[in-house]
Amino acid sequence: MSIFLTEKPSMYFRNDNAVIIFPSKPYWFSATKEMADIINFFHLTDPGKIISKISDNFLLSQEDAKEIYSEIESLLYSSGVLKIDEKIIEIDSYTPNFQVTDVENVLVIAATQQCNMSCPMCYAMAKNKLSNEMTTDEIKNIVDQVSKMPWQNNISRIALTGGEFFMRSDAIDIIEYVHTHNFYVQVNTNATLLTNNQIKKLASFEKLNMSISLDGSIPSTHDFIRGKGSFEVTTKNIKSLCEHGISVAINMFIHAGNIDDIEKTLELSDSLGVKGFNCLNMMNVGRGNLKKTKKILTAVPLNEFYHKIFSIIKYNEKFQKMMINSTFANQIMGISGGVKSYSCGIGTNRAIYVKADGTLYPCADTAIQNFCLGNLKTEKLQDIWENSKILKNLRSLNIDTLNHKCATCDVRYLCAGNCRGENFQTTKNIKSPHFKCDEIHDSIIELMWILTEEPDLFKSKVDNLYSKINYAYSV
Amino acid sequence: MKSRFIILNRGNKVVIVLTKESQGVMYYRGQ
């Protein structure tokens, strides 16, 4: 009998443990460092020789050595990274019609550029109203078009944002129109302009989620970003929305100045009746890319960002439940589930973005002139979708051919090049390695260490992922 | 002695995702 690994794994060590990655699958697992040593013996290709080597090296009986070898052999063979006498577990293929990451396809309509705040990191660079913003009918026309698009994975959610969405006097009318077209409605807002009458009206929509920015548990941390006095109004309205039975999720923007306030902000949100909580790390897009912003806001390194969240939710089931749909939970699910991605999804209908003037972009992070696909005031969505050269180019982006560094990286299919829009806004190159490449790479390894410590983190989400795949597989 | 030889996280099942325009997302899976 002879055995061969399909590829040389990469290994990372910390304390007495190892994370072992087979990049092309991708498959990774973690074990004590001695197990990594044993995998290095696999070059001997003969199980008998490997067992003897284990026995000699670790002063174990042949019987114990054989037992340990068998466990590793079984794990690697069943994971498709070990050939035994030229036999290997092959990958089957199929085409289901659901979203593997559990995140629905979303259309984002930034219905106004006008905002009553002027946050230093705003990706939309919102402040003043544009002279040519869409009318109510023009927005409704987009909703009509989206509901008729021949997409296999259609958009199920429409996010209404701005600027500040409630600067528009037709805000409730638009929400109602989207809702009656059977879309789930998400409204991104700072919640400072809501009136009692509007809150009562919002309570009548079943498929509505209010996604509200709250950047701290006390006025000083929140108002530093959002402006003086906003904490008091925002928290009052969050409480009122929750009391009216409306689903509220918090988006907390994280920077070095408020990272130590995450736990208390979670506690405050819970006490207000909030169900969902997300932490958003600072990105280099929009106003976040300006030098003057970087003088007052410092991004938290990704490793620190992940570890902070993990340390807060690790022993707190309530917080884990609140964060089940967060970016962090999605990252954990991707790594824990071993989702193999070739791109961030740019060019698909995953998260397309319409600006207040009707211009269409692949996503919020590519909402700049270079990626303008057309204008929905005068052009048909379907025509743009089928004929845009920009979209055609973006759809061809693939981690295997993006650039040499990405194509040979050991976590390439878990990273997929990260956010191409953010990278373009900084490097002006859509195909280059991400400008934070090393930091992102290390953060993916860090997530594996987190999962080494807590293998069942967000287990229900990962199980849900697999259950959907099993379901599709059986169809 | 054998406590030195432990698999701590058996890792992921194998899932492959391809993004393909207008087909939504294509998936391949092993195991």
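**Close-up views of a predicted model**

**View 1.** In this close-up, A:Ile262, A:Glu263 and A:Leu266 of helix 9 of chain A meet A:Lys308, A:Ile309 and A:Ile312 of helix 11 of chain A. Sorted by class, this contact between helix 9 and helix 11 of chain A has 4 nonpolar residues, 2 charged residues and no polar ones. Please keep in mind that what you see here is a predicted model. Two packed helices are described by the angle between their axes and the distance between the axes. For helix 9 (residues 262–272) and helix 11 (residues 302–313) of chain A, the axes come within 10 Å and cross at roughly 50°. That angle makes helix 9 of chain A oblique to helix 11 of chain A. The crossing of helix 9 and helix 11 of chain A is right-handed.

**View 2.** Here helix 2 (residues 47–58) of chain A packs with helix 3 (residues 62–78) of chain A. The angle is about 120°, and the axes are 8 Å apart. Helix 2 and helix 3 of chain A are therefore oblique to each other. Helix 2 of chain A passes helix 3 of chain A in a right-handed crossing. Which residues meet here? From helix 2 of chain A come A:Pro47, A:Ile50, A:Ile51, A:Ile54 and A:Ser55, and they meet A:Gln62, A:Ala65, A:Lys66, A:Ile68 and A:Tyr69 of helix 3 of chain A. By class, the contact of helix 2 with helix 3 of chain A has 7 nonpolar, 2 polar and 1 charged residues.

**View 3.** This view shows an open sheet of 9 strands in chain A, with mixed pairing. You can trace the strands in the order 12-11-10-9-8-7-14-15-16. Strand 12 (276–281) and strand 16 (374–375) of chain A stand at the edges; each has a single partner strand, so one side of each is left without a neighbour in the sheet. Elsewhere in the sheet, strand 7 (residues 106–110) and strand 14 of chain A run parallel and are joined by 4 bridges. To find one of these bridges, look for A:Val106, whose bridge partner in strand 14 of chain A is A:Ala351. Helix 5 (residues 171–180) of chain A lies across strand 8 (157–161), strand 9 (184–189) and strand 10 (208–213) of chain A. Helix 5 runs at about 155° to strand 9 of chain A.

**View 4.** A:Phe166 sits in the loop between strand 8 and helix 5 of chain A. Is A:Phe166 buried or exposed? A:Phe166 has 22 C-beta neighbours inside 10 Å, so this residue counts as buried, the cut-off being 20 or more. Leaving out residues up to four places away in sequence, A:Phe166 touches A:Ala171, A:Thr189, A:Leu193 and A:Leu194. Now find A:Gln198: its C-alpha atom is separated by 9.8 Å from that of A:Phe166, while the two residues are 32 residues apart along the chain.

**View 5.** A:Asn349 is found in the loop between strand 13 (339–340) and strand 14 (351–354) of chain A. With 22 C-beta neighbours inside 10 Å, A:Asn349 counts as buried. What does A:Asn349 touch, not counting residues up to four places away in sequence? Its contacts are A:Asn105, A:Trp151 and A:Ile155. A:Asn349 and A:Gln145 are 204 residues apart along the chain, and their C-alpha atoms are separated by 13 Å.

**View 6.** Chain B has 0 helices and 3 strands. Chain B has 31 residues, of which 45% count as buried.

Terms used. Residues are numbered from 1 along each chain as its sequence is written. Chains are lettered from A and ligands numbered from 1 in the order in which they are written. This is a predicted model: local features need pLDDT of at least 70, side-chain atom pairs count only at pLDDT 80 or more; totals for chains, interfaces and linings use all residues. Axes are lines fitted to C-alpha atoms, for helices over the stretch in contact, and angles run from 0 to 180 degrees between N-to-C directions. Helices (H or I, at least four residues) and strands (E, at least two) are DSSP runs, numbered from the N terminus. Angles under 35 degrees count as roughly parallel, over 145 as roughly antiparallel, 65 to 115 as roughly perpendicular and the rest as oblique. A crossing is left-handed if the near helix is turned anticlockwise from the far one by less than a right angle, and right-handed if clockwise. Two residues are in contact if their C-beta atoms, placed from the backbone, lie within 7 Å. Ala, Val, Leu, Ile, Met, Phe, Trp, Tyr, Cys and Pro count as nonpolar, Asp, Glu, Lys and Arg as charged, and the others, Gly among them, as polar. A residue is buried if 20 or more other C-beta atoms lie within 10 Å of its own, exposed if 12 or fewer, and partly exposed in between; C-beta atoms are placed from the backbone. Two strands pair if DSSP finds at least two bridges between them.
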